[in-house]
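Visitor: Please show me the protein, and then let us discuss how its parts are arranged.

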Amino acid sequence: MLRQGPISALVHGLVEYAAAALLIAAPFLFGFDSEAARALAIVAGVGVIVLAATTDFAAGLSRTLPVGIHVVLDLALVAVLIAAPFVFGFTDEGAPTAFFIILGVVHLLVTL
């Protein structure tokens with residue numbers, strides 16, 4: 001069993017739904033010029049919604065995914081968010097670079 005941190009599972013789930021909405025809206029809110037950044041934000045947002053909705057915790061809708069796997073996928077998401085500007089080549093564009101790195105760090109803090 002995973003240890004309960006300072007953020008409850010319910011709050012973690014609600015934060016993930018909000019982060020997913022922010023990921024999906026970010027290209028339009030912040031004017032991402034990079035097609036890679038726009039596509040990754042939307043795909044990641046949809047993925048986070050699916051992850052939050054299927055996890056077996058208070059905010060989950062179908063509760064089919066074990067929490068341990070959710071945590072591993074959260075950490076993988078953190079790695080993707082932080083590495084994305086460098087891997088997908090949009091470091092020259094400030095808005096999506098800052099957005100992905102900041103969201104990745106915040107998501108890591110929420111996960112831990």
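Guide: A contact here means heavy atoms within 4.5 Å. This is a predicted model, in which local features need pLDDT of at least 70 and side-chain atom pairs count only at pLDDT 80 or more, while totals for chains, interfaces and linings use all residues. Residues are numbered from 1 along each chain as its sequence is written, and side-chain values use heavy atoms, with hydrogens and water left out.

Visitor: Which element of the protein has the highest mean pLDDT?

Guide: pLDDT is the predictor's confidence in each residue, from 0 to 100. The protein averages 93, and 97% of the residues score at least 70. Among the elements, helix 1 (residues 9-29) has the lowest mean, 94, and the highest, 97, belongs to helix 2.

Visitor: Is Leu23 buried or exposed?

Guide: Leu23 is part of helix 1, a helix being a DSSP run (H or I, at least four residues) numbered from the N terminus. Not counting residues up to four places away in sequence, Leu23 touches Ala41, Ile42, Ala44, Gly45, Val48, Leu81, Phe99 and Leu103. Buried means under 20% relative accessible area, exposed over 50% and partly exposed in between, with a 1.4 Å probe and protein chains only. Leu23 has 1% relative accessibility and therefore counts as buried.

Visitor: How is helix 1 oriented relative to helix 4?

Guide: Axes are lines fitted to C-alpha atoms, for helices over the stretch in contact, and angles run from 0 to 180 degrees between N-to-C directions. The axes of helix 1 and helix 4 come within 11 Å and cross at roughly 170°. Angles over 145 degrees count as roughly antiparallel, under 35 as roughly parallel, 65 to 115 as roughly perpendicular and the rest as oblique. Helix 1 is therefore, relative to helix 4, roughly antiparallel.

Notes. Helix = DSSP H or I, 4+ residues; strand = E, 2+ residues; numbered from the N terminus.
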